[in-house]
Amino acid sequence: MRFPYGPAALSMLVLSILSGLWLAFHPAKRPQATLVMWTFAKTHYDAYKQAIPTFEAKHPGVKVDLQLVSWQAVTSRLQAAFLSDLDVPDLVEVEISAAGSFFRGPLKDVGFLDLTDRIKQSGLYDRMVKARFAPYTSRGRIFGLPHDVHPVMLAYRRDLFEKLGINPNEIQTWDDFIRIGRKITIPGQRYMLELPDSESSRFDPLLFQRDGGYFDPQGNCIMDNEIAVQTMLFYVPLVAGPNRIASDLGGGQIFTKAVEDGYFLCMIAPDWRSKTIEVDVPKMRGKMALMPLPAVYPGGRRTSTWGGTMIGITKHCKKPDLAWELALHLYLNKEDLAQRFRDTNILPALKEAWNHPAYNEPRPYWSNQPLGKLYAELAPHVPFQYTSPFIATAKAKMSEALVSCVQYYKTYGDKGFEAFVRKRLKQSADEVRRLMRRNPY
Amino acid sequence: MSTRQPDIVITTPPVARTSRWFVLQYRMAPYLFVSPFLILFLTFGAYPILKSLLLSFYATNGPKSAVFVGLQNFTFLLSDPDFHTAVWNTAVFAFWSVFLQLPLSLGLALLLNSVWVKGREILRLAFFSPNLLGQVFVGVLFSVLFIPQYGLVNRFLHAIVGIPLDTKWLANPNLVMPALVLTSLWMYVGFNMIYFLAALQAVDKDLYEAAIVDGANAWHQFWAVTLPGIKPVAVFVLVMSTIGSFQLFELPWIMLNNSSGPDQAGLTIVMYLYQTGFVTGDLGYASAVGWTLALGVLVISLLQMRVTGAWKGGTD
């Protein structure tokens, strides 16, 4: 019998039948894991890969499937997973600036388990740096366990400081820093500090240092309050105008070249970034050092915070107690945390972990300074930062305000600058408030 | 000499085989063959489109909550400064992309259609090849080329016209759009050139000969013969380039390091849609943005076709 539509159609039909039969008899293997966990940081992934076998050994029959998801994708992938109720992991690490977006809507509809009672009953609320719970708290309920503290120091080219006769111990306040910076800055060739004039990533730590922020504990937008105004008035002349002492060129290879060339002498360096600098600028081994952030006023806070990660358990998780145990295993095991600190320079949020000898080890890259001890001494002073589902929008608005203020300052200088800053910050804050008012809940 | 088109042969089932089953499968077979596409389209095309239309009338807040708000999402759009910025940026990009891209593409096509140019095949491939790379790769490539102090673009322009080495193309709100337009030109001029080249080669050579006999110079030939000859393709390229420009997302997203750039200078409508839907989690508003974009593109495309005379409800 001849097939009426010709050999091409016949072959398509045969192929589709064969492939359909193949798929029917060879179904995709269902994942065997008891718990699925997502992390977005390769350094975390590598560390957890080493830590998970001991957890599995303690819990026979339990299998943990650890997945590395790109940090750019983790937020949208998790949002999509929550929305579709498909492929939702049991545990997930979320970056601090994205965490707030998951706390939208009524508390009962938040995709993460409320961990408040577990954290308070286990005593973790007191054993960890309290300030670090704030970014993962919404309406008084805690949805994540903090992975880190991320105190901020100032990384500097020790060799160039010595060559230029700068004594870091003389730098106690930002005024000291600016005075020295103006002496050594050569426009287009050498700057005292790496600071961008087009986005607010490094404006934030300086805002937090002054106890400022984007939202108060009740979730009200405060990004145009007096602290924010004063921070902007302080920041913009650092990066714009005739007396600027700061510049930036970008990340990656250009950052490497700029540090090697001495294009800027100092960088704002939370613990995680000290590792980035080590990896990205290996030639500077032994030539770099760290000092506390200059204070706003004599005797003031010498640190701030930049970045962070939480681990949360999703409501999708069928074994929340086991997931909680895994989270504790990854975040509280002192030996693992010490090794992780050696690998990543990240100071854990668990205060008692800092007594481990690993934190006192001298680091050759940082001119043999005891990196962990330096960061740990500052960690208790890390400021609170509160979040909101609108945090990403607020940060984008702050970046816009910063750019506008920089442009104004470049054009008009000090004349009318303060009034402009107040007006511009209020405009940005009002836009955020307008979006918040749309909330029908 | 005229060539006769082959007759379309319609196979009919032999009389002996017209059993009921055979007739049924004979009638159903075409539907069976198109069913894979139809099922996929209905599942992944039509359903999401309808769902997004419904969503655009809801305020979604978190993964499970949705409250009906009627047209509120659309009315909010009208007064949303971020949406206005996104529309303005996208329109500026579309304007410059189209009005620089198309003349350049046509110019290149004319050049490479000329018999005097040696190695035309190699050059055609070279000009087309950037399009093989994809926007993500091109975005990464150009973000490196545009870096201040050490980037190739600054080094070159510093040597030629003396611009400062630390010019921040992707961190200065005034320079972001030129950087995006330049990048898209590099990527798409060669692509559109291929369309024009094909159109140029289809223009009847006899018309040129007739024009020469009538005393037409090169400009007159271009104006009176070439342009009318390639008009359908030019309109197609114009419409497709405009639609493509309004869908801009990956290029600025990669070049501006997953952000909308300084002072939102690189914020496009699709980027705003993505940020609203998947960063802020407001899928209802994002759907409203998507539908507004779709309607906007439809209106612009119809206007373009109307203005260029391509839409006359029949063939020329």
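Student: So two strands pair if DSSP finds at least two bridges between them. Which order do the five strands of the open sheet in chain A take?

Tutor: It's a predicted model, where local features need pLDDT of at least 70, side-chain atom pairs count only at 80 or more, and totals for chains, interfaces and linings use all residues. The order is β2-β1-β3-β12-β6, with mixed pairing. Helices (H or I, at least four residues) and strands (E, at least two) are DSSP runs, numbered from the N terminus.

Student: And which strands are at the edges?

Tutor: β2 (64–68) and β6 (145–146) of chain A, each pairing on one side only. Residues count from 1 along each chain as its sequence is written, and chains are lettered from A and ligands numbered from 1 in written order.

Student: How do β3 and β12 of chain A run, parallel or antiparallel?

Tutor: Antiparallel: five bridges join β3 (91–95) to β12 (309–313) in chain A. E95(A), for instance, sits opposite T309(A) of β12(A).

Student: What packs on that sheet?

Tutor: Helix α13 (320–332) of chain A, touching (C-beta atoms, placed from the backbone, within 7 Å) β1 (35–39), β2, β3, β6 and β12 of chain A.

Student: Switching to chain B: at what angle do α1 and α13 pack?

Tutor: About 115°, with axes 8 Å apart, for α1 (20–55) and α13 (283–307) of chain B. Axes are lines fitted to C-alpha atoms over the stretch in contact, and angles run from 0 to 180 degrees between N-to-C directions.

Student: Which residues make the contact?

Tutor: S52(B), L53(B) and L55(B) from α1(B). On α13(B), they're L283(B), G284(B), S287(B), G290(B) and W291(B).

Key: Contact = placed C-beta atoms within 7 Å.
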